[in-house]
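Trainee: Pick one part of this model and take me through it up close, please. I'd like the contacts first and then whatever else you can tell me about how the chain is laid out.

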Amino acid sequence: MITVEVALERVLAGCKPTTPEMVALPAALDRVLAEDVTARVAHPPMDVSAMDGYALRAAEISQSLTIIGESAAGRPFDGTIAPGQAVRIFTGAAIPPDADTVVMQEDSARDGAQVTFSVTQPAGKHIRPMGLDFSPGQIMLTVGTVLGPRQIGLAAAMNVPWLSVRRRPRVAILSTGDEIAMPGEPLGAAQIVSSNGPALAALVSVLGGEPVQLGIAKDSRESLSAMVAAAKGCDLLVTSGGASVGDYDIVQDVLAEHGLKLDFWKIAMRPGKPLMFGALKHVPVLGLPGNPVSAMVCAYIFLAPMLRALQGLPSRDPLVPAVLGGAVRANDARQEYLRASLERRADGQLAATPHSRQDSAVISGLAAAQALILRPAHAPEGKPGDAVSVIPLPEGF
Ligand code: AMP
Ligand code: MG
């Protein structure tokens, strides 16, 4: 059995970023830039006023000046300003070439065509110089950036309407088991509903991937074989169930017939010992355990970083420091992930309290959990207040 750490390294080494595609700005939300983005314009495109007021020469601020025209946003003043003159100006309007300062309306007194000022101020005041924000040719967004609303706004300001982003990884999801039925189907006496398929598909979506539900394979070579073949063209194949040592756990065998290059299939963690990883004609394959809690905990630990890697994102340490809100027993050789509730205490510390039931078939416990407490191999018993590391499971994740 290998450790989670070693397994994660090997899994990530098998995940190469997807090819880039061009998308329009509205479709770029949450996508990862595949190329640097260069400004096509200057922002602002010329020296502009930051205020509503008057444009003049700072040296003449103590005089009464004659207003000879106006400069509004999109409609610049196109005359010249002679000595003793000023131009009415509005926010975002071009500064006339002869002016070097803008006095705020609030610091001005207008009387017909004359204006006087109650302040003194230097040249340059209330002027945003051309290119203050960026200039043409400047790289303002770099490869690997996750595009949120602000980055999309920046790209638009740069007059870049299309962006090269990583294609959403297509993740084939294959559930297995003679006893497993689709949600909503009439159930036979010994059947259970597939929770893994819908949960994994949702997680893939949250992680920026595109889930491709292959369905539920029977525990027969023919059924599995046909469905594995359907994963062709995907960037990752995720299976659940059939990965243990029972007579019907044939996923590994069938994948081997399809040419699987097995990397590992046992890992020192709980829940989730039978975790398999390999490559099928260069497509990474993650074989998750069937137990719903095991499958999802393994997905949080492995599938989440894999989807980052497939989108060209670096790994991110999911652990945050917390203190125990309840006692935990000493751990054995398998690194453990305990389902827990999470609470921010008055002293600012995060307290993680393990659920009393940790059975890997208790789906409701996982659904209610707000964090996973990491218990390293051979960790001694812990009491309330002891420092631990947790993986938060925030809303929507
Ligand atoms: P297996 O690894 O196939 O022996 O499955 C282990 C346990 O997980 C069994 O109790 C299965 O019924 C259950 N299981 C397998 N696949 C799913 C699934 N898609 N949804 C819910 N439970 C499952
Ligand atoms: Mg099974």
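Mentor: Let's start at ligand 1, which has 16 residues around it, the closest being E179, S194, S195, G242 and G290; a residue counts as near if one of its heavy atoms lies within 4 Å. Keep in mind that this is a predicted model, where local features need pLDDT of at least 70 and side-chain atom pairs pLDDT 80 or more, while totals for chains, interfaces and linings use all residues. As for bookkeeping, residues are numbered from 1 along each chain as written, chains are lettered from A and ligands numbered from 1 in written order, and side-chain values use heavy atoms, leaving out hydrogens and water.

Now the polar contacts, meaning pairs of N or O atoms within 3.5 Å. E179 puts a polar side-chain atom 2.6 Å from an oxygen of ligand 1. β13 (170–176) and β15 (192–193) each give at least two residues to the shell; strands here are DSSP E runs of at least two residues.

The space ligand 1 takes is the second largest pocket. A pocket is an open set of points on a 1 Å grid over the protein atoms alone, where a 1.4 Å probe fits, with protein on both sides within 12 Å along at least five of seven lines; a molecule sits in one if more than half of its atoms lie within 2 Å of its grid points.

Moving on to a sheet: 6 strands make an open, mixed one in the order β7-β4-β6-β5-β9-β8, pairing being at least two DSSP bridges. β7 (101–104) and β8 (108–111) are the edges with a single partner strand each, so one side of each has no neighbour in the sheet. The twist averages 40 degrees from one strand to the next, taken between axes fitted to C-alpha atoms, on a scale of 0 to 180 degrees.

Look at β5 (65–71) within it. With β6 (85–89), β5 pairs parallel over 4 bridges; I67 is bridged to A86, and S71 stands opposite I89. With β9 (114–117), β5 runs antiparallel over 2 bridges, and L65 has V115 as its bridge partner.

Definitions and conventions: A polar contact is a pair of N or O atoms within 3.5 Å; within protein, one must be able to donate a hydrogen and the other to accept it, and residues adjacent in sequence count only if both atoms are side-chain atoms. On a 1 Å grid over the protein atoms alone, a cavity is a set of points where a 1.4 Å probe fits but cannot get out, and a pocket is an open set with protein on both sides within 12 Å along at least five of seven lines; lining residues have an atom within 4 Å of a point.
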